[in-house]
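Me: I'd like to learn how to read pockets, helices and charged pairs in a model like this one. Can you walk me through it?

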Amino acid sequence: MPFSNSSELSPSFILASIPGLEAAQSWMAILLCSAYVLAVTGNCAVLAVVRAEPSLHAPMYFFLCMLAAIDLALATATVPRILSFYWFGSREISFAACLLQMFLIHTLSAIESTVLLAMAVDRYVAICHPLRHAAILTNAATAKVGLLAMARGVLFFLPLPLLLLPLPFCGSRVLSHSFCLHQDVMNLACANTTPSVVYGLTAILLVMGLDAVLICLSYILILKAVLRLAAWRERLKVFSTCIAHICVVLAFYVPLIGLSVVHRFGKDLAPLVHIIMGNMYILVPAVLNPIIYGVRTKQIQ
């Protein structure tokens, strides 16, 4: 039924289900819950290990702790609500709760992107300017980077829910995912959404897009420095210190790009594709990051 966010009744949205597979959602919930438990366990283990081991009190591992905390927050902001839908059939989410969840998802993703850029700079300084590494990336500087990442995420993505707040919504209330994303909610508005479209695209390009370009630039400079080394064994040894970070960057950006492509070009795709890509965007980094660093980092092992 048509509704507006100015109506007496609190407007709400309907989380997406998979047509024809509603009976199998309880089994999907078990898989989702298992992935969530794995993500919580792995990231809490990383936080506990770094906290307990004084030799890991260094910028690289503090950045890793930031990633773990962000992944925990992002998964907790979405997965419990999805599980309540899959297990108990609670498909309806209020307008306020949807905007809050949307803000948390986009803001935490922006913070994670900034931390990944900071980790790339850390690797660049460690390899290309090793004698200055300790002086440049101190613990105080690392804390400032964390605060800057939080401020950047909040400032860039707080306007997204504020731009949606005055819009009227009518017609379909069904979302494309089992959680709230800006573009998904915006498409349900029955008003001019140009300001939201322009600002959303600008924020994505200035945060995730710019970070991706700078990360690539950092690795181009790292590669140039590595290739100056005479022996192949030395080259592999130096570059191997970056493998874990490269895998983490791919675990973050590949689902993000995949979800963006599905939103932009996948209107005719099956609903299952949208739901799977959305869940991968939320859970893949949270599950893989502690595994990648646990396997690749002897100090954490």
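**Pockets, helices and charged pairs**

Reply: Happy to. Keep in mind that this is a predicted model. Let's begin with a pocket: the second largest pocket holds about 320 Å³ of space.

Me: Which residues line the second largest pocket?

Reply: Its lining consists of M60, Y61, R123, S240, T241, A244, Y293, R296, T297, K298 and Q299.

Me: Now the largest pocket. How much space lies in it?

Reply: About 710 Å³. Its lining has 27 residues, and Q183, G200, L201, I204 and S260 lie nearest the centre. At least two lining residues come from each of α7 (182-186), α8 (194-227) and α10 (243-265). By class, the lining of the largest pocket splits into 17 nonpolar, nine polar and one charged.

Me: Which residues does UniProt list as "transmembrane region"?

Reply: The unreviewed UniProt entry gives residues 27-49, 61-87, 93-121, 133-158, 197-222, 243-266 and 272-295. Over residues 27-49 the chain is 100% helix and 0% strand, with the end C-alpha atoms 33 Å apart. Residues 272-295 are also 100% helix and 0% strand, and there the end C-alpha atoms are 32 Å apart.

Me: On to charged pairs. How many salt bridges turn up in a search of the whole structure?

Reply: The general idea is that side chains of opposite charge can pair when their charged atoms come close. Here the search of the whole structure finds two salt bridges. One of them joins R152 and D211, at 2.9 Å from N to O. This pair links distant parts of the chain, with R152 in helix α5 (residues 139-157) and D211 in helix α8, 59 residues apart.

Me: Why does R152 count as buried?

Reply: The cut-off for buried is under 20% relative accessible area. R152 counts as buried because its relative accessibility is 17%. D211 is at 1%, so D211 counts as buried too.

Me: What about R123: which residue does it form a salt bridge with?

Reply: R123 pairs with D122, and their closest N and O atoms are 3.1 Å apart. Both R123 and D122 are buried.

How values were computed: Residues are numbered from 1 along each chain as its sequence is written. This is a predicted model: local features need pLDDT of at least 70, side-chain atom pairs count only at pLDDT 80 or more; totals for chains, interfaces and linings use all residues. Side-chain values use heavy atoms; hydrogens and water are left out. On a 1 Å grid over the protein atoms alone, a cavity is a set of points where a 1.4 Å probe fits but cannot get out, and a pocket is an open set with protein on both sides within 12 Å along at least five of seven lines; lining residues have an atom within 4 Å of a point. Grid points are joined across faces, edges and corners, and a volume is the space filled by probe spheres set on the points. Helices (H or I, at least four residues) and strands (E, at least two) are DSSP runs, numbered from the N terminus. Ala, Val, Leu, Ile, Met, Phe, Trp, Tyr, Cys and Pro count as nonpolar, Asp, Glu, Lys and Arg as charged, and the others, Gly among them, as polar. UniProt positions are given in the numbering used here, feature names are shortened, and annotations may be inferred rather than shown by experiment. A salt bridge is a side-chain nitrogen of Lys or Arg within 4 Å of a carboxyl oxygen of Asp or Glu. Buried means under 20% relative accessible area, exposed over 50%, partly exposed in between (1.4 Å probe, protein chains only).
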